[in-house]
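Open the model in your viewer and keep the sequence panel beside it. The stops below say what to select and what is there.

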Amino acid sequence: MKVLTSSGRCLVMGILNVTPDSFSDGGRWFTTGRAVSHGLELVRAGADLVDVGGESTRPEAHRTPEVEEMRRVLPVVERLAHEHVPISVDTMRASVAEAAIERGAALINDVSGGLADPRMLPVVASARVHYVVMHWRAHSAHMDRMSRYSDVVTDVVDHLERRLEAATRAGIAPDRLIIDPGLGFAKRSHHNWELLAAMPKLQTLGVPVLVGASRKRFLDAVRTGSPDESVERDDATAAITALAAAGGAWAVRVHEPGASACAVRVAARLDAIRCQRLPSE
Ligand code: PMM
């Protein structure tokens with residue numbers, strides 16, 4: 001899909017959690033009708049693509065049965081695809097990925113990077129869609145107990161390198177792969193900040209980088225004292241978008257696309273000016 005590769009700036013991926021229990025928006029878009037309206041709202045607010053998920057990955061969450069995940073996700077994908085919305089699907093299951101691709105999904109966002117379901121990599125390879133490989137250690141019910149690293153940046157980069165090798169061995173074209181450091185997944189607060197500071201190291205892997213900081217708990221480290229914690233997390237998210245875009249991120253995954261859509265355009269404008277100036281300097 002063209003939007004995934006040719007915008008010339010960092011993309012904004014709007015989050016659409018069709019779940020009763022995601023940590024910041026669980027239950028809000030839980031019927032197909034509400035989810036579709038919110039998906040269209042995300043696009044109007046500036047999302048370049050919409051990431052539809054039917055299984056919560058908040059810490060301690062238990063797995064959603066496959067049939068229920070399908071029931072939540074597929075009608076929403078079908079209806080948004082009908083409206084020509086570029087769609088990504090946040091799933092660890094090959095069966096859900098396969099059915100969503102049939103209904104028009106252009107990208108599979110697998111937080112497990114192919115580790116949760118052995119069929120995922122071959123399914124994505126034969127469908128020839130884009131694929132997000134995220135750093136992941138365990139399902140949500142166990143991940144908080146798995147947050148020890150000798151050096152978080154080196155460990156995450158090495159892990160992602162091995163997952164990229166597995167994906168290409170399975171037949172996924174390298175130019176369809178995207179990596180994500182998995183902020184908030186088996187990470188303590190400081191690990192997330194270290195990973196955000198390590199964009200250049202992540203980029204050494206030679207594939208686009210997706211950043212998913214939106215509304216995550218570690219953002220509370222930069223609270224300013226405003227009484228509205230959720231607004232503060234959205235403001236912090238937009239600040240991270242600006243910095244990630246300026247650092248060359250391929251996309252940011254956010255709940256509230258408006259401010260991030262402005263931030264990526266600011267970063268692109270400054271980058272264009274710098275590029276024009278370079279030869280005469
Ligand atoms: N975070 C969540 C869910 N899916 N996918 C990617 N690629 N990166 C992330 O950081 C990520 C994700 C959890 O956040 P949510 O419950 O607000 O969707």
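Start by selecting Asp-48, which counts as buried at 13% relative accessibility; buried means under 20% relative accessible area, exposed over 50% and partly exposed in between, with a 1.4 Å probe and protein chains only. This is a predicted model, in which local features need pLDDT of at least 70 and side-chain atom pairs count only at pLDDT 80 or more, while totals for chains, interfaces and linings use all residues. Residues are numbered from 1 along each chain as its sequence is written, and side-chain values use heavy atoms, leaving out hydrogens and water.

Arg-9 lies in the segment before S1 and Asp-48 in the loop between H1 and strand S2 (49-53), so the pair ties together parts that are 39 residues apart in sequence. A salt bridge here is a side-chain nitrogen of Lys or Arg within 4 Å of a carboxyl oxygen of Asp or Glu. Helices (H or I, at least four residues) and strands (E, at least two) are DSSP runs, numbered from the N terminus. The structure holds 15 salt bridges.

**The sheet**

Next, colour the strands. In what order do the eight strands of the open sheet lie? The order is S6-S5-S4-S3-S2-S1-S8-S7, with parallel pairing. Strand S6 (177-180) and strand S7 (210-211) stand at the edges with a single partner strand each, so one side of each is left without a neighbour in the sheet. Two strands pair if DSSP finds at least two bridges between them.

Zoom in on S3 (residues 87-90) and S4 (residues 107-110), which pair in the parallel sense over three bridges. Ser-88 has Leu-107 as its bridge partner in S4, and Asp-90 has Asn-109. S4 is covered on both faces: Leu-107 and Asn-109 are buried on one side, Ile-108 and Asp-110 on the other.

Stay on Asp-90 and select Arg-253, which forms a salt bridge with Asp-90, the closest N and O atoms being 3.2 Å apart. This pair links distant parts of the chain, with Arg-253 in strand S8 (residues 251-254) and Asp-90 in strand S3, 163 residues apart. Both Arg-253 and Asp-90 are buried.

**Helices against the sheet**

Select helix H4 (residues 120-127), where Met-120, Leu-121, Val-123, Val-124 and Ala-125 are buried. Their cover includes helix H3 (94-102), S4, S5 and H6. After H4 comes Arg-128, with a positive phi near 55°.

Then show helix H6 (residues 152-169), which lies across strand S5 (130-134) and S6 and runs at about 155° to S6. Axes are lines fitted to C-alpha atoms, for helices over the stretch in contact, and angles run from 0 to 180 degrees between N-to-C directions. Contact means heavy atoms within 4.5 Å.

**Partly exposed residues**

Move to Phe-30, in the loop between strand S1 (11-17) and helix H1 (32-44). Phe-30 is partly exposed, with a relative accessible area of 28%. Not counting residues up to four places away in sequence, Phe-30 touches Val-18, Thr-19, Pro-20, Glu-68, Arg-71 and Arg-72.

Finish at Asp-220, Arg-223, Glu-229, Glu-232 and Arg-233, which are linked in a network of salt bridges. Within this group, Arg-223 forms a salt bridge with Glu-229, the closest N and O atoms being 3.8 Å apart. Arg-223 is partly exposed, with a relative accessible area of 35%, and Glu-229 is partly exposed at 35%.
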